[in-house]
Amino acid sequence: MALESFPESTLPSPTPDAAATSVRRPPPVAGAAFGEDWWQRGVVYQVYPRSFADSTGDGVGDLPGLIEHLDHLNDGTSRSLGVDAIWLSPIYPSPGLDVGYDVSDHAAIDPLFGTLDDFDRLIAEAHRRGIRVILDLVMNHTSSAHPWFGESRSNRSGPRADWYIWRDPPPGFRGRRPRPNNWVSFFGGPAWTWDPVRGQFYLHTFLPEQPDLNWRNPEVREAMLGIVRGWLERGVDGFRLDVFNAFFKHPELRSNPRRVLGRRAYDRQRHSYDKDQPEMHDFLTEFRSVVDAGGGRMTVGELFATEARRAGSYAADRHLVFDFHLIEQSWRADSFAAATAEREAIFGRDRWPTVVLSNHDQSRHASRLSGGRRDDAVVKAAAVLLLTLRGTPFLYYGEEIGLRDVPIPRAEIVDPPARRGGAISRRISPWWNRDQARAPMPWGEGANGGFSPHRPWLRMAPDASIRNVAAQSVDPASALSLYRRLIWLRREHPALQTGGYRQIAASKDVFGYLRLGREETLLVAVNFADAAGWVRLDGHPRAGGWSPLVGTHAPIGPGRGAGERVALRPNEAIVFAAT
Ligand code: NOJ
């Protein structure tokens, strides 16, 4: 089926709401490849700061370490990846019980990572290289060590009494206190914990040490927007919103309806009342007016759910929303083609999708899709999809060298829900240990792959001495070399950035599609099979022929005629331009 195609998209350019706030307009980012539409045309790279580069020798990555390695991300030449933005997983002070997603001060830097001066230097050094900086905002909850929670629990009539979601047990009970409703925590166990200090239950969608804020309290909203303005003033270019569709709960906190099926208790409820409440749309508008006051900023919401349809309902101009539909696909051409068709239908002309294969919560796609094989054939074919499908690509650090999940012995597990499950595999625990996808980045030779002279906070990949940035940099056939070629190709071809999409082939093994720009058409063919396949270079009436631009296998082969049947080697992917 050929999907309806549409020409190179032109989403409206940003229209800052001047009345909204008084945030200073930031200076343009020198050397950036794109202007204010970078959120749509550019490539974003997720840095997990703990695991990226350690400059202090304590075994934990930090901001100066990241600064030292910015040239890997973009030094202005095709010897670097050439990404347009980095998203940093949380760098705020935190007891670390959810490895940084339990924030105890949203306006400061955890000393583990450095200082505010280091942060300012990061912004300056990143901007100097044309790299924008996106911070992770964790606003659904705080750490229980946050002073706001301390005040809220200790004084029922104090100024922060109503900043969290506190409830008495239902009246008239005898014996054990019943909880206010049936909600469960995503990490396991009930979503309500009794606080003996305040003598009430409080709500936590995640760990008991991550109490949910009360977003129905305007003071909470103002406090958070103040923090947002503060980071914008410091020069950040955007935010990733952690579990944003969970901020608002139903005002009556009704019990959720039950579902029969589901692996975890959380999945055995319909989340009708603890997320996706209508008030979120108004808040997003308010939030966007603050962010847009400076121009050239973007936000990306992490949908606390996986469905593309729900993600599409929240996506807006300059506000992307992750849907994890592609992450859920198995390595088959027809699965990826069908998921892409569905996303195209949902996002359509006016909403802009993201393209994501890995992140800090999921099994790395090099492991997930490669089925245990150690070569990078699947990694490379997947890179072609990631960087040529319609949408803003988000890379996860290490995927550019085909980093795999690293098995962690039970005694070394850090991830809280996995520790609770006490398990290391999906088969025996309802929770997969996310540490496996957070291994320190192997940079080169030397102690701990050049990550740190000290024992790293998580173990290194066992193949770090051969699978690392230095080794792959000098190997033209490496995954890293291909990622570089693809990202720089994207930069040169507007059709790959904002062009329309039309599927031309979708068998079990081969997925083919066009990217349609105003002045050029590109054709992408990906063979998912371990056997040879073929694709017909078709679907574009005006193409006289097709010239190959980038491919996963060498040699890439000569130009081909229009309508020609092209053989693809096992797992081969090729990007052609119409001539
Ligand atoms: C989503 C984040 O991606 C995840 O790492 C975290 O544990 C939860 N939100 C809670 O903040």
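Predicted model: local features only at pLDDT ≥ 70, side-chain atom pairs only at ≥ 80, totals over all residues.
**Exercise 1.** Find out how many bridges join strand β5 to strand β6, and whether the strands run parallel or antiparallel.

*Solution.* 
- Step 1: Locate the strands; β5 covers residues 192–195 and β6 covers residues 200–203.
- Step 2: Look at the bridges between β5 and β6: there are four.
- Step 3: Follow the directions of the two strands, and you will see that they run antiparallel.

**Exercise 2.** Now visit the ligand: which residues come nearest, and what kinds of residue make up the shell?

*Solution.* 
- Step 1: There are 13 residues around the ligand, and Asp98, His141, Asp242, His360 and Asp361 come nearest.
- Step 2: Sort the shell by type, which gives seven charged, four nonpolar and two polar residues.
- Step 3: As for the location, the ligand takes up the space of the largest pocket.

**Exercise 3.** Give the distances from ligand oxygen atoms to polar side-chain atoms of His360, Asp361 and Arg434.

*Solution.* 
- Step 1: For His360, the distance is 2.8 Å.
- Step 2: For Asp361, an N or O atom of the side chain lies 2.5 Å from a ligand oxygen.
- Step 3: For Arg434, the corresponding distance is 3.0 Å.
- Step 4: Finish with the cover: on its own the ligand has 300 Å² of accessible area, and the protein covers 97% of this.

Note on methods. Residues numbered from 1 in each chain as written. Heavy atoms only, no water. Pairing = 2+ DSSP bridges. Near = heavy atom within 4 Å. Polar contact = N/O pair within 3.5 Å; in protein donor to acceptor, adjacent residues only side chain to side chain. Areas by Shrake-Rupley, 256 points an atom, 1.4 Å probe, with all protein chains shown as cover. 1 Å grid on protein atoms, 1.4 Å probe; cavity = no way out; pocket = protein on both sides within 12 Å on 5 of 7 lines; lining within 4 Å. Sits in = over half its atoms within 2 Å of the grid points. Nonpolar A, V, L, I, M, F, W, Y, C, P; charged D, E, K, R; others polar.
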